[in-house]
Amino acid sequence: MTAATALTELLLSRIRDVADYPEPGVVFKDITPLLADPAAFTALTDALAEVARDTGATKVVGLEARGFILGAPVALRAGLGFVPVRKAGKLPGATLAQAYDLEYGSAEIEVHAEDLSAGDRVLVVDDVLATGGTAEASLTLIRRAGAEVAGLAVLMELGFLGGRTRLEPALASAPLKALLTV
């Protein structure tokens with residue numbers, strides 16, 4: 001068994017499907033069992049830190065909220081700074097904001113204006129890539145702050161929702177790495 005196959009099997013074995021959550025017809029991918037298992041969480045962190053090193057990232061951005069849980073230890077393991085991208089109104093001080101559309105409405109994310117600057121190469125880390133709206137907004141926000149997008153790394157891509165296709169123009173040839181695709 002290759003190391004990649006072993007990692008895939010370990011991660012999949014620790015992700016629980018929850019039917020009809022948060023609404024009927026949805027199968028929620030619960031990563032809390034993975035986070036509770038130190039071996040699986042370490043393997044995940046190491047794999048994402050390798051992506052950070054491979055992309056030449058100088059900082060890691062984590063998307064609220066599970067992207068914080070994954071992005072902070074990835075940044076630490078890779079020896080990089082960590083920058084949270086939060087929902088609007090959650091950060092004190094000067095921020096840059098980016099609005100984006102959701103299936104049923106719109107939302108806005110923010111970053112501290114001084115946390116990203118020219119010369120930064122930023123890897124965005126999140127748990128799941130679904131439709132790609134939040135990730136796309138984060139890429140725009142990073143560039144508006146004057147930084148370069150090094151790539152996007154996620155634990156899991158829900159391929160049937162088309163997020164990768166949506167993100168291709170926004171990534172502008174920066175890599176998108178999903179450790180799992182379901």
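Predicted model: local features only at pLDDT ≥ 70, side-chain atom pairs only at ≥ 80, totals over all residues.

User: Leaving aside neighbours within four places in sequence, which residues is Leu7 in contact with?

Analyst: You will find Leu7 in helix 1. Its C-alpha atom is separated by 24 Å from that of Gly162, 155 residues away along the chain. With contact taken as heavy atoms within 4.5 Å, and neighbours within four places set aside, Leu7 touches Ala43 and Ala47.

User: Which lining residues are closest to the centre of the second largest pocket?

Analyst: On a 1 Å grid over the protein atoms alone, a cavity is a set of points where a 1.4 Å probe fits but cannot get out, whereas a pocket is an open set with protein on both sides within 12 Å along at least five of seven lines, and lining residues have an atom within 4 Å of a point. Grid points are joined across faces, edges and corners, and the volume is the space filled by probe spheres set on them. On that basis the second largest pocket holds about 210 Å³. It is lined by 14 residues, and the closest to its centre are Leu7, Ala47, Val51, Lys177 and Leu179.

User: Which element supplies the largest share of that pocket's lining?

Analyst: At least two lining residues come from each of helix 1 (3–13), helix 3 (38–55), strand 8 (148–157) and strand 9 (176–181). By class, the lining has eight nonpolar, three polar and three charged residues; here Ala, Val, Leu, Ile, Met, Phe, Trp, Tyr, Cys and Pro count as nonpolar, Asp, Glu, Lys and Arg as charged, and the others, Gly among them, as polar. The largest share is five residues, given by helix 3.

User: Into which classes do the residues of the contact of helix 3 with helix 4 divide?

Analyst: The axes, lines fitted to C-alpha atoms over the stretch in contact, with angles from 0 to 180 degrees between N-to-C directions, come within 8 Å and cross at roughly 65° for helix 3 and helix 4 (residues 66–78). This crossing is right-handed. The contact involves Phe41, Thr42, Leu44, Thr45, Asp46, Leu48, Ala49, Ala52 and Arg53 of helix 3, facing Ile69, Leu70, Pro73, Val74, Arg77 and Ala78 of helix 4. By class they divide into 10 nonpolar, two polar and three charged.

User: Is Leu139 buried or exposed?

Analyst: Leu139 lies in helix 5 (residues 133–144). Apart from neighbours within four places, Leu139 contacts Val124, Val149, Leu167, Ala170 and Leu171. Buried means under 20% relative accessible area, exposed over 50% and partly exposed in between (1.4 Å probe, protein chains only). Because its relative accessible area is 0%, Leu139 is buried.

User: Why does His112 count as buried?

Analyst: His112 sits in strand 6 (residues 105–112). Leaving out neighbours within four places, its contacts are Leu91, Pro92, Ala94 and Thr95. His112 counts as buried because its relative accessibility is 17%.

User: Where does Ser173, with its positive phi, lie?

Analyst: Most residues other than glycine have a negative phi, and most peptide bonds are trans. Ser173 has a positive phi of about 75° without being a glycine. Its relative accessible area is 73%, so Ser173 is exposed. Its place is the loop between helix 6 (163–171) and strand 9.

User: What is the omega of the peptide bond from Tyr21 to Pro22?

Analyst: Pro22 belongs to the loop between strand 1 (16–19) and strand 2 (27–30). Asp20 lies in that loop too, and its phi is positive, near 60°. The bond from Tyr21 to Pro22 is cis, with omega near 5°.

Key:
Residues numbered from 1 in each chain as written. Heavy atoms only, no water. Helix = DSSP H or I, 4+ residues; strand = E, 2+ residues; numbered from the N terminus. Left-handed = near helix turned anticlockwise from the far one by under 90°.
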